[in-house]
Amino acid sequence: MVLWHLVRKSVFGGIRTGFVPGFCYSGQTWRCCHEGAVLLEDIRKEMAGYTGGQVDLTKDESTGVATITLNNPDRRNALSGHMMVQLADAVSNLEEWKSGKGVLLCANGSFFCSGGDLNTIRKINNPEGGLRMSIFVHDTLSRLQNLPMISVAVVQGKALGGGAELTLSCDFRLMTSEAKLQFVQAKMGVTPGWRGGTRLVHLVGPAKALQLLVSCEKLSAHDCLQAGLASAILDTGHDPQRQALNWLLKNTAGSTEVIRATKMVVANAQSLPLEESLKRERLIFSTVWGGPANIAALQENIKHR
Ligand SMILES: CCCC(=O)SCCNC(=O)CCNC(=O)[C@H](O)C(C)(C)COP(=O)(O)OP(=O)(O)OC[C@H]1O[C@@H](n2cnc3c(N)ncnc32)[C@H](O)[C@@H]1OP(=O)(O)O
């Protein structure tokens, strides 16, 4: 295991760099207080000390579907520092899972996630602590969003603050009829810390995103469906996770290679400049063109009636 690796992106503009400036708040202005390599491993060690709850990962080889479960029901599945580290490890594990097609992000019990664990938050409640946590969780959630697998947040109950941001790192959100999303960050005196601000703009556009973030409006599953934040509302009275799994299996019925390649085309289009994304789209295409799924389809002489 590599002992440490450099932060992948600068906080400014997503430029790839090994260096992230540190900041401190002084009066009315932010100023650089030190420069140097911020080691994710350093942040990880610090976060691991803020205990509470756990994040579980299971992988089903027969379906190619993994399940990540937030498990801190006593605190409404709030994410402690320790859980942030376990979530990072779960994503690293899935990055190595070459036969994976899909991943469900679930929570234990009837509350999806109440955001950052306030016990953790209180211990790092200063600008540099916030920046360090944010760098760590951004890295994890960017990697989650960029997995070559279809990701689905199964939202049962409420997803508040950072909990709402977590759901946005998935490709799809399937919600139970009583589920709610609420970006309560502004009420807590903060802005999105887990990359949900930028992601929300990409999903619903700048005006709607701004309105949701400043109003802290509670969105029902139906509101989410209308706003394009949810893809479906799950049937009441049936196990939400089972329904989400069936939905995912229906959408990942094709060849593993093609599903993974297709996901990367879409992920690249969201995170890369146009020319780079198009270049990669051509390269990805060349990996499946003439490949086993393509040859089998041609031999079957399929009619798409
Ligand atoms: C970068 C991240 C930024 C953010 O995530 S900002 C958002 C931070 N989250 C919050 O402010 C949530 C505050 N909590 C609440 O609003 C309510 O507790 C909540 C979640 C609506 C649940 O309400 P109820 O169902 O009535 O339950 P309750 O209030 O009695 O809570 C049950 C136990 O859970 C605890 N809890 C809930 N959310 C937590 C959190 N985020 N961190 C740490 N502990 C949390 C709560 O303190 C209570 O514990 P206890 O039973 O009193 O020991």
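Both faces of strand β6 are covered in this predicted model, with Ile-150, Val-152 and Val-154 buried on one side and Ser-151, Ala-153 and Val-155 buried on the other, where buried denotes under 20% relative accessible area (1.4 Å probe, protein chains only). Strands are DSSP runs of E with at least two residues, numbered from the N terminus, and β6 spans residues 150-155, six of its six residues being buried. The model is a predicted one, in which local features need pLDDT of at least 70 and side-chain atom pairs count only at pLDDT 80 or more, whereas totals for chains, interfaces and linings use all residues. Residues are numbered from 1 along each chain as its sequence is written, and side-chain values use heavy atoms, with hydrogens and water left out.

Strand β6 pairs in the parallel sense with β5 (residues 102-107) over four bridges, pairing requiring that DSSP find at least two bridges between two strands; within this arrangement, Val-152 of β6 is the bridge partner of Leu-104. Four bridges also join β6 to the parallel strand β8 (residues 172-175), in which Arg-173 is the bridge partner of Ala-153.

Around the ligand there are 17 residues, of which Arg-76, Ser-114, Gly-116, Leu-118 and Gly-162 come nearest, a residue being counted as near if one of its heavy atoms lies within 4 Å. An oxygen atom of the ligand lies 3.0 Å from an N or O atom in the side chain of Arg-76, and an oxygen atom of the ligand is 3.1 Å from a polar backbone atom of Asp-74. A nitrogen atom of the ligand is 2.8 Å from a backbone N or O atom of Ser-114.

Methods
Buried < 20%, exposed > 50% of the residue type's maximum accessible area, 1.4 Å probe, protein only. Polar contact = N/O pair within 3.5 Å; in protein donor to acceptor, adjacent residues only side chain to side chain.
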